[in-house]
Amino acid sequence: MRPIGALLGAILLVAAAPAARGGDAPAGRWSDLECMGCHQQATPELTAAWRAGAHGGAAAAVRCIACHGDRHPGSAVKARRAATCIGCHGGAGAPVARSYLTSKHGVIATIEGPRWDHARPLSDGNYRAPNCAYCHFHQAGHGTGGDVADACLDCHSSRFTDVLSDAGRRGMAIGLAKVREAEAAIAARREGMDLSDAEEAELAALLRAMREGPLAGLRLGIVHQAPDFQWWLGQAALDGALLRIKASLSRLRRRKALGDP
Ligand code: HEC
Ligand code: HEC
Ligand code: HEC
Ligand code: HEC
Ligand code: HEC
């Protein structure tokens with residue numbers, strides 16, 4: 001939708017937007033186009049960051065109302081709740097949410113969250129542990145890609161987070177090494193085996209599953225600071241996937257050796 005739809009929308013909006021630079025949020029209910037049109041003037045940097053980020057830039061853009069609801073006042077409250085993010089990112093059972101919910105932050109949020117007053121700004125005085133928006137919309141940044149790490153410094157020392165980043169990089173490197181081992185095993189066994197298209201596809205599917213399942217899980221466990229998730233759905237699951245790929249290769253080789261098509 002982006003190029004033509006967004007451009008058209010922007011042209012229509014600038015023409016139709018009520019004037020609102022600075023000042024308080026006017027009370028009322030609006031459509032997404034009205035939110036964007038008025039906020040293009042009221043909060044131009046925020047709107048530009050949203051447009052350039054993962055939400056504004058998604059194939060089907062995630063617009064203002066999906067997070068904020070359709071009115072002032074109170075539009076920040078819904079957006080600050082973890083349930084708003086989780087509902088659209090696969091639900092509470094999906095890896096994105098599970099990795100957070102099983103972290104120390106998530107456990108604290110599960111216990112204390114029901115008492116948090118989400119009408120209050122996202123700062124450490126108001127929330128003892130971060131939820132999704134606290135980290136990803138730190139200082140109301142709408143870009144979803146940059147400086148999540150800044151949020152940590154509200155509550156932790158940079159020495160602590162530097163140690164974590166190093167450990168995270170090492171953990172990720174080990175995970176990637178397991179994927180490369182699987183690729184190398186496939187490449188080595190493939191030599192002289194003359195695989196059929198179906199057999200090639202089976203091996204490619206196993207590798208893809210290894211990346212999309214445990215390798216992605218490892219990354220989520222690391223970035224969301226969830227050691228159990230990182231281990232059981234990351235490293236240990238990668239070990240399992242690697243073993244399964246090696247077993248498949250042995251099976252294929254036996255089949256070939258026996259002259260089975
Ligand atoms: C007619 C102009 C106008 C429209 C339409 C408009 N807003 Fe606003 N909005 C403002 C202004 C002005 C502010 C105050 C900005 C500031 O504090 O710098 C504001 C503030 C906000 C805030 C911060 C409020 C807070 O409690 O901190 C949010 C969130 C917000 N708008 C979202 C929306 C959404 C979502 C829509 C569409 C449903 C929308 N706005 C429609 C002008 C508008
Ligand atoms: C993916 C969810 C999401 C989307 C989409 C989104 N926002 Fe927000 N927005 C948030 C969150 C979360 C906050 C609260 C940040 C905080 O409290 O520090 C916020 C805060 C704001 C604020 C208050 C800024 C401030 O300095 O306090 C404004 C204004 C705002 N959003 C406008 C918009 C507009 C306009 C759109 C559409 C172009 C939009 N948002 C789209 C999640 C979203
Ligand atoms: C209405 C659906 C919807 C809502 C609500 C929503 N998101 Fe998203 N989010 C998406 C889509 C779609 C994308 C872009 C595609 C993708 O990367 O998965 C995305 C992307 C992201 C990304 C970037 C992912 C990447 O791979 O770089 C982050 C981080 C994110 N969302 C966090 C949040 C947070 C935090 C909230 C709540 C404040 C939230 N989302 C609310 C749908 C949503
Ligand atoms: C303690 C801070 C923190 C909290 C809380 C948090 N995240 Fe994240 N999240 C991160 C960091 C850091 C990354 C990695 C970002 C990067 O590398 O750009 C990330 C990555 C992501 C991604 C992209 C995944 C990928 O593989 O690239 C999504 C989507 C996401 N988070 C959504 C959420 C949702 C939804 C919640 C709440 C259930 C949440 N996050 C809670 C810090 C946090
Ligand atoms: C709003 C405050 C807050 C923010 C922001 C925050 N944390 Fe935390 N964090 C806590 C609290 C509270 C605990 C649990 C008590 C403790 O272990 O210190 C915790 C625990 C942790 C733990 C577990 C420590 C352990 O002993 O097991 C890690 C790791 C962690 N945080 C990393 C991060 C990272 C990385 C970020 C930024 C992406 C971040 N935190 C952002 C408050 C915060």
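Guide: The model is predicted, so local features need pLDDT of at least 70 and side-chain atom pairs count only at pLDDT 80 or more, while totals for chains, interfaces and linings use all residues. Residues are numbered from 1 along each chain as its sequence is written, and chains are lettered from A and ligands numbered from 1 in the order in which they are written.

Visitor: Why is Ala61 called partly exposed?

Guide: A residue is buried if 20 or more other C-beta atoms, placed from the backbone, lie within 10 Å of its own, exposed if 12 or fewer, and partly exposed in between. Ala61 has 19 C-beta neighbours inside 10 Å, and therefore counts as partly exposed.

Visitor: Where does Ala61 lie?

Guide: Ala61 is in the loop between α4 (54-57) and α5; helices are DSSP runs of H or I with at least four residues, numbered from the N terminus. Its C-alpha is 9.9 Å from that of Trp50, and the two are 11 residues apart in sequence.

Visitor: Which residues are closest to ligand 2?

Guide: His39, Cys64, Cys67, Ala79 and Ala133 are the closest of the 23 residues that surround ligand 2. A residue is near a molecule if its C-beta atom, placed from the backbone, lies within 6 Å of it. The largest share of this shell, 4 residues, comes from α5.

Visitor: Why is ligand 2 said to lie between domain 1 (1-73) and domain 2 (74-155)?

Guide: Both domains give residues to the shell around ligand 2, so ligand 2 lies between them. The domain bounds come from an automatic or database domain assignment.

Visitor: What makes ligand 4 lie between domain 2 (74-155) and domain 3 (158-257)?

Guide: Domain 2 and domain 3 both give residues to its shell, so ligand 4 lies between them. In all, 21 residues surround ligand 4, and Tyr100 and Cys132 are among the closest. The largest share of this shell, 4 residues, comes from α10.

Visitor: What makes up the largest nonpolar core?

Guide: A nonpolar core is a set of buried Ala, Val, Leu, Ile, Met, Phe, Trp, Tyr and Cys residues joined through C-beta atoms within 7 Å. The largest has 12 residues, including Tyr100, Cys132 and Phe137. Of its contributors, α10 gives the most, with 3 residues.

Visitor: Which residues does Tyr100 touch?

Guide: Leaving aside residues up to four places away in sequence, Tyr100 touches His105, Gly106, Cys132 and His224; contact requires C-beta atoms, placed from the backbone, within 7 Å.

Terms used. Helix = DSSP H or I, 4+ residues; strand = E, 2+ residues; numbered from the N terminus. Contact = placed C-beta atoms within 7 Å.
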